[in-house]
Amino acid sequence: ATPLCVEIAQRRAALAEGNPLPMPGKRDAANRDEVTQMHDSFCAVEGNAESHPCKMWARKADRERRKKLRRRGGKPDFMEL
């Protein structure tokens, strides 16, 4: 199990006991890569792909593309000179 998996398990156990832990601080890039791997492996399991987190994760690329376009003032990459 990865450190992030352990942290999630600890947070779930504390929540089940009625003692929710405070939200973690901002994650670094290494944690984002780990989260991506966790989501990909979870959503690859049969039956999980239709769950809300997997559907939300699948739309992430489109959200990132739209955010990038907003930052560029609506101009796609090919229009940049």
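A: A residue is called buried when its relative accessible area is under 20%, exposed when it is over 50%, and partly exposed in between, with a 1.4 Å probe and protein chains only. This is a predicted model, in which local features need pLDDT of at least 70 and side-chain atom pairs count only at pLDDT 80 or more, while totals for chains, interfaces and linings use all residues. Residues are numbered from 1 along each chain as its sequence is written, and side-chain values use heavy atoms, with hydrogens and water left out.

The setting comes first. The chain has four helices and zero strands, where helices (H or I, at least four residues) and strands (E, at least two) are DSSP runs numbered from the N terminus. The order of its elements from the N terminus is α-α-α-α. The average pLDDT of the chain, this being the predictor's confidence in each residue from 0 to 100, is 80, and 81% of the residues score at least 70.

Of the 81 residues, 9% count as buried. The chain exposes about 6900 Å², of which carbon and sulfur atoms supply 59%; such areas come from the Shrake-Rupley method with a 1.4 Å probe, and for residues only the protein chains shown count as cover. A contact requires heavy atoms within 4.5 Å. Taking contacts between residues at least 6 apart in sequence, 28% join residues at least 24 apart.

The covalent link may be taken next. One disulfide is found in a search of the whole structure, the term denoting a pair of cysteine sulfur atoms within 2.5 Å. Its partners are Cys 43 and Cys 54, with an S to S distance of 2.0 Å. Cys 43 belongs to helix α2 and Cys 54 to helix α3, so the pair ties together parts that are eleven residues apart in sequence. The angle about the S-S bond is -100°, and the link of Cys 43 and Cys 54 is left-handed.

His 39 is partly exposed at 23% relative accessibility, and its C-alpha atom is 9.6 Å from that of Ala 58, 19 residues away in sequence. Thr 36 is partly exposed at 29%; its C-alpha atom is separated by 8.9 Å from that of Trp 57, 21 residues apart along the chain.

The charged pairs follow. Side chains of opposite charge can pair when their charged atoms come close. A salt bridge here is a side-chain nitrogen of Lys or Arg within 4 Å of a carboxyl oxygen of Asp or Glu, and by this rule the count is five. One of them joins Lys 55 to Glu 50, at 3.6 Å from N to O. Lys 55 is partly exposed, with a relative accessible area of 38%, whereas Glu 50 is exposed at 60%.

Glu 64 and Lys 60 form a salt bridge at 3.3 Å, N to O. These two residues are four apart in helix α4 (residues 60–71), and are therefore separated by about one helical turn. An α-helix has 3.6 residues a turn, so residues three or four places apart point the same way. Glu 64 is partly exposed at 35% relative accessibility, and Lys 60 is partly exposed at 29%. A network of salt bridges links Lys 60, Glu 64 and Lys 67.

Arg 66 and Asp 62 form another salt bridge, their closest N and O atoms being 3.2 Å apart. Arg 66 and Asp 62 are likewise four residues apart in helix α4, about one helical turn. Arg 66 is partly exposed, with a relative accessible area of 40%, and Asp 62 is partly exposed at 33%.

Just after α1, Gly 18 adopts a positive phi of about 90°.
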